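Please follow the structure below by way of a few residues and the elements that hold them. The account moves from single positions to the packing around them.

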Amino acid sequence: MIDEQALATLKRDVGDDMFPMILEQFGVELHGKIGLLNEACRQADVAQLAELAHSLKSTTRTLGLNGVADLAAQVEQRGRAGDNSVVDDIGELVGLCEQAAELIDQRVAASR
């Protein structure tokens, strides 16, 4: 699920000291986004889903979570186009985000 090369590039760019903190911060943000995605889905707020997907897209790609980033890009595009059926399909993105958050949490724990 994680592109190890992208993660290694990020680690090289930010340095060994900062890398665990960046991962931890992203994990916290990802958990928060999961809650926001679920809430926007409950409210059938297509515009909010598109905004949340947009914010997930680039960060997840930077961390090598390409599957999440690709699906987030699709959700963003559909949401911006006003496709209300995106609400019915948001569970897949939430599921991938939950898997990604678990992987990040494991890596943060292992770095301590």
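Thr60 is found in helix 3, which covers residues 46-62 of this predicted model. With a relative accessibility of 0%, Thr60 counts as buried, because the cut-off for that class is under 20% relative accessible area. A polar atom of the Thr60 side chain lies 2.6 Å from the backbone oxygen of Leu56. Apart from neighbours within four places in sequence, Thr60 is in contact with Phe26, Leu65, Asn66, Val68 and Ala69.

Leaving out residues up to four places away in sequence, Leu65 touches Met1, Ile2, Phe26, Thr60, Ala100 and Ile104. Leu65 also belongs to the largest nonpolar core, which has 31 residues. Within this core, Leu65 is listed with Leu30, Leu37, Leu63, Leu93, Cys97 and Ile104 as the residues that touch the most other members. At least two residues of the core are supplied by each of helix 1 (4-14), helix 2 (19-42), helix 3, helix 4 (66-80) and helix 5 (90-110). Helix 5 gives the largest share, 8 residues. In soluble globular proteins, nonpolar side chains tend to be buried together.

Leu37 is another of the core residues that touch the most other members, and its place is in helix 2. Its relative accessible area is 0%, so Leu37 is buried. Not counting residues up to four places away in sequence, Leu37 touches Leu49, Leu52, Leu56, Ile90, Leu93, Val94 and Cys97. Leu37 and Ala109 are 72 residues apart in sequence, and their C-alpha atoms are 25 Å apart in space.

How do helix 2 and helix 3 lie relative to each other, parallel or antiparallel? Two packed helices are described by the angle between their axes and the distance between the axes. Here the axes of helix 2 and helix 3 come within 10 Å and cross at roughly 160 degrees. An angle over 145 degrees counts as roughly antiparallel, and helix 2 and helix 3 are therefore roughly antiparallel to each other. Their crossing is left-handed. On the helix 2 side, Phe26, Leu30, Lys33, Leu36, Leu37, Ala40 and Cys41 take part; they meet Gln48, Leu49, Leu52, Ser55, Leu56, Thr59 and Thr60 in helix 3.

Glu76 is buried, with a relative accessible area of 8%. Aside from residues up to four places away in sequence, Glu76 touches Ala50, Ala53, His54 and Lys57.

Technical notes:
Residues numbered from 1 in each chain as written. Predicted model: local features only at pLDDT ≥ 70, side-chain atom pairs only at ≥ 80, totals over all residues. Heavy atoms only, no water. Helix = DSSP H or I, 4+ residues; strand = E, 2+ residues; numbered from the N terminus. Buried < 20%, exposed > 50% of the residue type's maximum accessible area, 1.4 Å probe, protein only. Polar contact = N/O pair within 3.5 Å; in protein donor to acceptor, adjacent residues only side chain to side chain. Contact = heavy atoms within 4.5 Å. Core = buried A, V, L, I, M, F, W, Y, C linked by side-chain atoms within 4.5 Å. Axes fitted to C-alpha atoms, helices over the stretch in contact; angles between N-to-C directions. Parallel < 35°, antiparallel > 145°, perpendicular 65-115°, else oblique. Left-handed = near helix turned anticlockwise from the far one by under 90°.
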